Amino acid sequence: MTTSIGAANAAIVKDPSLQIARSFNGLKAASNSLLLAKRPQVSRGSSAAATASFIRAVSTPVRPDTSVVQKRSKVEIIKEHSNFIRYPLNEELLTDAPNINEAATQLIKFHGSYQQYNRDERGAKSYSFMLRTKNPCGKVSNKLYLVMDDLADQFGIGTLRLTTRQTFQLHGVLKKDLKTVMSSIINSMGSTLGACGDLNRNVLAPAAPFHQKDYLFAQKTAENIAALLTPQSGFYYDMWVDGERVMSAEPPEVVEARNDNSHGTNFPDSPEPIYGTQFLPRKFKIAVTVPTDNSVDVFTNDIGVVVVSDADGEPQGFNLYVGGGMGRTHRLESTFPRLAEPLGYVPKEDILYAVKAIVVTQRENGRRDDRKYSRMKYLLSSWGIDKFRSVVEQYYGKKFESCRDLPEWEFKSYLGWHEQGDGALFCGLHVDNGRIKGTMKKTLREVIEKYNLNVRITPNQNIILCDIRQAWKRPITTALAQGGLLQPRYVDPLNVTAMACPALPLCPLAIAEAERGIPDILKRVRAVFEKVGLKYNESVVIRVTGCPNGCARPYMAELGLVGDGPNSYQIWLGGTPNQTSLAKTFKDKVKIQDLEKVLEPLFYHWKRKRLSKESFGDFTNRVGHEKLLELVDKWEGIPLAPARYNLKLFADKETYESVDNLARLQDKSAHELAMEIIRNYVASHQNGKIE
């Protein structure tokens with residue numbers, strides 16, 4: 001007997017355009033699988049359903065045809081036979097070997113860890129493990145921070161890494177120490193469960209601890225979504241704390257939404273009611289935020305959730321955006337980064353049901369045969385938003401309303417000192433590439449411990465110290481400055497928005513430097529700025545990754561450098577400072593030593609031909625890559641400044657304006673066009689062409 005993860009006992013969809021057509025139609029699970037196809041229909045007693053009667057109910061999706069066994073990736077088979085992410089990891093952890101086998105390597109990701117080795121070393125591989133925590137909203141208690149700081153020294157490489165998804169990464173943990181480290185994190189009310197693997201990852205939200213209704217509501221929503229989509233089968237606690245669960249009570253609305261199966265979303269007799277034995281086809285990312293605040297890169301997520309409030313500031317519901325994602329593969333144009341697009345609006349009481357419906361749509365229909373195409377963005381790209389919305393609505397049980405209008409987005413770093421709104425202060429600190437080490441690490445430890453501070457990690461790899469009394473501001477500022485943690489006015493503007501992934505030497509996917517290379521890259525960009533006459537307070541968003549998977553979100557940068565070979569980068573241009581525009585490939589295989597040959601002409605022409613307040617990303621989009629490539633290819637260095645010759649080309653305003661209008665048609669300045677005409681005239685005269 002076989003069973004499928006396809007939705008069962010479903011109503012037949014009458015409209016054939018809503019039938020799910022795909023190359024991969026569900027999974028076949030072995031007879032020992034706990035996934036049961038039969039899903040009884042249970043009414044959902046939601047008050048929202050009564051108050052929103054104008055939204056008509058929709059059918060539950062039809063059960064996919066599973067009569068033909070479909071091709072599956074190796075990881076799908078490993079998951080199926082793992083007894084819910086246990087076997088063979090449980091056995092591999094008991095061996096004396098410093099590493100674990102391939103199947104266990106895939107499974108330990110669900111527990112929040114990657115097996116790595118130092119690629120700088122030659123000879124036998126020196127294996128270790130990277131651990132990543134799960135911190136919804138980036139919230140870190142005082143106790144957990146101090147424990148992580150201790151673990152880095154005792155079992156890691158002496159550093160803590162802040163990630164672009166508001167978590168810690170702890171590098172260099174040996175296999176024999178894994179259980180000690182994991183149990184220490186769990187017993188400190190932390191977790192690494194689901195920080196990696198084919199399930200929902202850490203849920204982002206603005207890290208700023210503002211005591212404002214919309215911010216507090218966004219953070220609570222992020223925590224509830226994280227709880228809703230947390231695995232339930234106990235494999236994590238069985239592995240690391242001998243089955244003893246250490247967790248706080250869940251909000252009743254989370255439990256109700258998880259257990260609800262009124263539209264065929266669940267496996268009712270499975271230890272994993274939402275995920276089943278196979279979990280999701282690939283990783284899944286969610287961010288929650290408030291209008292204007294795009295500190296979370298909301299459009300890069302599988303689901304972007306935006307709080308919508310009324311005129312009195314009371315949260316009423318959410319705009320939902322779907323289908324974002326960064327990862328791609330070099331030289332494979334069928335893989336690509338993608339921005340999330342509007343799905344619809346839901347009232348606040350329905351948000352967990354709507355998110356669950358989206359997750360289940362991806363679970364049932366995302367590709368499981370080829371992991372390069374398993375992210376939800378490829379399902380959106382294949383189906384289109386209308387079909388995707390229709391299928392999600394069947395799992396949700398309602399029609400989505402149209403998204404509400406929102407104001408313009410801004411990137412907010414929250415660096416420096418700010419009022420929380422409850423009488424206390426918070427202080428945002430810039431951490432280059434998120435790497436806490438050396439004197440900085442020691443200083444942060446002392447301040448956080450002395451003042452008993454909670455902290456938050458930002459999506460830009462920075463850290464926020466929270467709940468600071470007014471009287472503590474001066475001594476804390478002094479202590480931080482002595483430890484090299486400067487106020488934002490003393491940090492180079494290029495560094496403030498720059499990000500890089502860890503890359504070499506520990507990441508197995510890296511093909512070029514990122515974290516170790518970006519300090520020198522930023523210094524060289526600053527030197528080019530000075531050379532072409534750009535001011536110190538001007539900046540561009542620069543992001544560097546060692547491979548095309550896009551962990552530092554380089555495809556949203558104004559200038560993205562993506563490793564495409566040893567000491568070689570693919571250059572992307574066209575992102576915007578508020579993270580709402582997708583960059584495009586500009587140049588391949590640019591050697592690191594040749595970076596100035598590309599950047600100097602780009603920044604020179606931006607300085608001279610930009611519109612008022614036009615960002616570098618907007619400038620590159622307006623001018624176009626074809627023209628920019630031409631400028632780079634013809635670049636012979638910065639021209640001598642015309643002012644040196646004290647030439648006055650225009651005797652009257654009317655002539656100047658006429659030439660200026662002609663020059664703009666050729667994307668030139670009036671002075672450039674006039675000098676070109678004069679040079680052509682002189683050259684023609686010298687060649688005897690003028691009679």
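Student: Does Tyr236 count as buried or exposed, and what is the relative accessibility behind that label?

Tutor: The model is predicted. In it, Tyr236 has 1% relative accessibility and counts as buried, because the label applies under 20%. A search of the whole structure returns 24 aromatic pairs. One of them joins Phe110 and Phe279, with 5.3 Å from centre to centre and 65 degrees between the planes. That pair is edge-to-face, because the angle is over 60 degrees. Phe110 and Phe279 are 169 residues apart, so the pair links distant parts of the chain. Phe110 sits in the loop between helix 4 (102-108) and strand 3 (113-117), and Phe279 in the loop between helix 9 and strand 8 (286-289). Phe110 is buried at a relative accessible area of 2%, and Phe279 is buried at 0%.

Tyr236 forms an aromatic pair with Tyr237. This pair is also edge-to-face, with 5.2 Å centre to centre and 80 degrees between the planes. Tyr237 is buried too, with a relative accessible area of 9%. Beyond the pairs, Phe110, Phe235, Tyr275 and Phe279 make up one aromatic cluster.

Helix 9, which was named above as one end of the loop holding Phe279, spans residues 252-259. Its axis comes within 9 Å of the axis of helix 7 (residues 213-228), and the two cross at roughly 40 degrees. That angle makes helix 7 oblique to helix 9, and the crossing is right-handed. On the helix 7 side the contact involves Lys220, Asn224, Ala227 and Leu228. On the helix 9 side it involves Glu253, Val254, Ala257 and Arg258. By type, the residues of this contact are four nonpolar, one polar and three charged.

Asp467 lies in strand 16 (residues 463-468). It is partly exposed, with a relative accessible area of 36%, because this value falls between the 20% and 50% cut-offs. Leaving aside residues up to four places away in sequence, Asp467 touches Gln420, Ala424, Leu425, Leu453, Asn454 and Trp472. For Asn454, which is 13 residues from Asp467 along the chain, the C-alpha atoms of the two are separated by 7.1 Å.

Methods:
Residues numbered from 1 in each chain as written. Predicted model: local features only at pLDDT ≥ 70, side-chain atom pairs only at ≥ 80, totals over all residues. Heavy atoms only, no water. Axes fitted to C-alpha atoms, helices over the stretch in contact; angles between N-to-C directions. Helix = DSSP H or I, 4+ residues; strand = E, 2+ residues; numbered from the N terminus. Parallel < 35°, antiparallel > 145°, perpendicular 65-115°, else oblique. Left-handed = near helix turned anticlockwise from the far one by under 90°. Contact = heavy atoms within 4.5 Å. Nonpolar A, V, L, I, M, F, W, Y, C, P; charged D, E, K, R; others polar. Phe/Tyr/Trp six-rings, centres within 6.5 Å; stacked < 30°, edge-to-face > 60°. Buried < 20%, exposed > 50% of the residue type's maximum accessible area, 1.4 Å probe, protein only.
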